[in-house]
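Keep the sequence and the 3D view side by side as you read.

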Amino acid sequence: MKFVLLSILASTASGFTILSPSFLPTSLSSSLPPLKSTPDNSDYDFSPTSGSQPALITNNNSDVWVPQRSRPRRNRKSQAVRDMVKENLVTPANFIYPLFIHEESFNTAIESMPGCERHSLDHMLVEVEEAMRYGVKTFVLFPKVPDELKTNLGVEAYNPNGIVPRAVSMIKDKFPEATVCTDVALDPYSDQGHDGVVSDGKILNDITINQLCKQVICQARAGSDVVAPSDMMDGRVGAIRDALDSEGFTDVSILAYTAKYASAYYGPFRDALDSHPGFGDKKTYQQDPSNGREALIEAMLDEAEGADMLMVKPGMPYLDIIRRLKDNSNLPIAAYHVSGEYSMLKAAVEKGWLDEKDVVLETLTCFKRAGADIILTYYAKQAAKWMAEDGLY
């Protein structure tokens, strides 16, 4: 048991007196050194309540008193009070759960993302069902495509019998109440490992958008509720909105990867999909990590082109960008707690350096505090389980 020792000081004309702590347990009180009553006999001769200009004063009960009316600690004095005044609350309804899928009949562990797997389509349904039991209702699918199906034009992206359309249909057939999001980009389907069509080492903007429009229509026909263009081509949100509307999919939402940075935090994700760039990097289309105002330009364009939600990726290192978008747009803001962030936490937990539950729930709360309405996280199911165990939901 831990005891807080309080020495109550009472000022006198000649100095101060330390009142005996008679409230202490006998065993503890007897272990204390003898209390000295005057500064002259003390090894420590400073009293904050003594002297011509004392640092502290005493109240009517002769207790030390700092005369401060506003005391923020009063709103932290108990769990009940802390819960009552809590500014930000994360719930499973805020989560989008990313799921990696492949054509195999078994699951494969992702070494650089402990706890994550590439799911077979059958096991994908098991994972969705379990997550939904804990209140997670929204999922986003990321496919690992066999190399023999990859091309520069990424034509497999709009194959109606491809893995993503089939996966979407399977989820919507079994769990019609689930919200299914689909990634819109060519990199899983590209033999170049880039988000767009490549020519002479350059990523072609407009030709890529032509392919993306085919991809979103394929996904919408399969039952996708939300399409999420992650490619960062200029003008793709408007083109995708027009393509969807022209085919009657006016209810399909667009979650735009608005501020997607050319980040070093994506490595484990690319391991999961085997989609590392075949050459160079993605800095000609993804944003420079040094830039903040640029995200507002992207947000303004995406909003004007018909985006329904705006995303920031990565998450934790870019909380300032989340706040900028929140302050400058009335659209919902999403944060992607990306693979590198996830894997760093997992590594620290495995070393015993961090408490996994506490650090994960704190991290997710930080996203909400920064302004995120939606959080994409590989911890979605586990965090929801922790919340359920704590009786929160």
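What follows is a tour of cavities, backbone features, surface and salt bridges. The model is predicted.

Start with the empty space inside. Rolling a probe the size of a water molecule over the atoms shows where such space is left. Here the count is three cavities of 30 Å³ or more. The largest cavity has a volume of about 110 Å³. Its lining is made by 15 residues. Asp187, Lys260, Phe269, Lys282 and Lys313 lie nearest the centre of this cavity. Helix α7 has the largest share, three residues.

Move on to the second largest cavity. Its volume is about 50 Å³. Glu156, Ala157, Gly162, Ile163, Val164, Pro165, Tyr189 and Gln219 line this cavity. Helix α4 (residues 163-174) gives the most to the lining, three residues. By class, five lining residues of the second largest cavity are nonpolar, two are polar and one is charged.

Now go back to Lys313, one of the residues nearest the centre of the largest cavity. A cis peptide bond joins Lys313 to Pro314, with omega about -5 degrees. Pro314 sits in the loop between β14 (309-313) and α9 (319-328). Most peptide bonds are trans, and most residues other than glycine have a negative phi.

Two residues carry a positive phi. Ser62 has phi near 65 degrees, and it lies in the loop between β3 (57-58) and β4 (64-65). Met232 also has phi near 65 degrees. Its place is the loop between β12 (226-229) and α6 (236-246). Are these residues buried or exposed? Ser62 counts as partly exposed because its relative accessibility is 36%. Met232 counts as buried because its relative accessibility is 4%.

Thr258 and Glu298 are 40 residues apart in sequence, yet their C-alpha atoms are 5.8 Å apart in space.

Leu89, Leu392 and Tyr393 make a nonpolar patch of about 310 Å². Leu392 belongs to the segment after α12 (380-389).

Charged pairs come last. Side chains of opposite charge can pair when their charged atoms come close. The whole structure has 18 salt bridges. In one of them, the side chains of Lys381 and Glu130 meet at 3.4 Å, N to O. Lys381 lies in helix α12 and Glu130 in helix α3 (residues 121-133), so this pair ties together parts that are 251 residues apart in sequence. Both Lys381 and Glu130 are buried. The two also belong to a network of salt bridges that links Glu127, Glu130, Lys381 and Lys385.

Lys150 forms a salt bridge with Asp147, with the closest N and O atoms 3.4 Å apart. Lys150 counts as buried because its relative accessibility is 11%.

With 33% relative accessibility, Arg323 counts as partly exposed. Asp327, at 52% relative accessible area, is exposed.

Methods. Residues numbered from 1 in each chain as written. Predicted model: local features only at pLDDT ≥ 70, side-chain atom pairs only at ≥ 80, totals over all residues. Heavy atoms only, no water. 1 Å grid on protein atoms, 1.4 Å probe; cavity = no way out; pocket = protein on both sides within 12 Å on 5 of 7 lines; lining within 4 Å. Points joined across faces, edges and corners; volume = space filled by probe spheres on them. Helix = DSSP H or I, 4+ residues; strand = E, 2+ residues; numbered from the N terminus. Nonpolar A, V, L, I, M, F, W, Y, C, P; charged D, E, K, R; others polar. Patch = residues over 30% accessible without salt bridge, like charges linked within 9 Å, V, L, I, M, F, W, Y side chains within 5 Å. Areas by Shrake-Rupley, 256 points an atom, 1.4 Å probe, with all protein chains shown as cover. Salt bridge = Lys/Arg side-chain N within 4 Å of Asp/Glu carboxyl O. Buried < 20%, exposed > 50% of the residue type's maximum accessible area, 1.4 Å probe, protein only.
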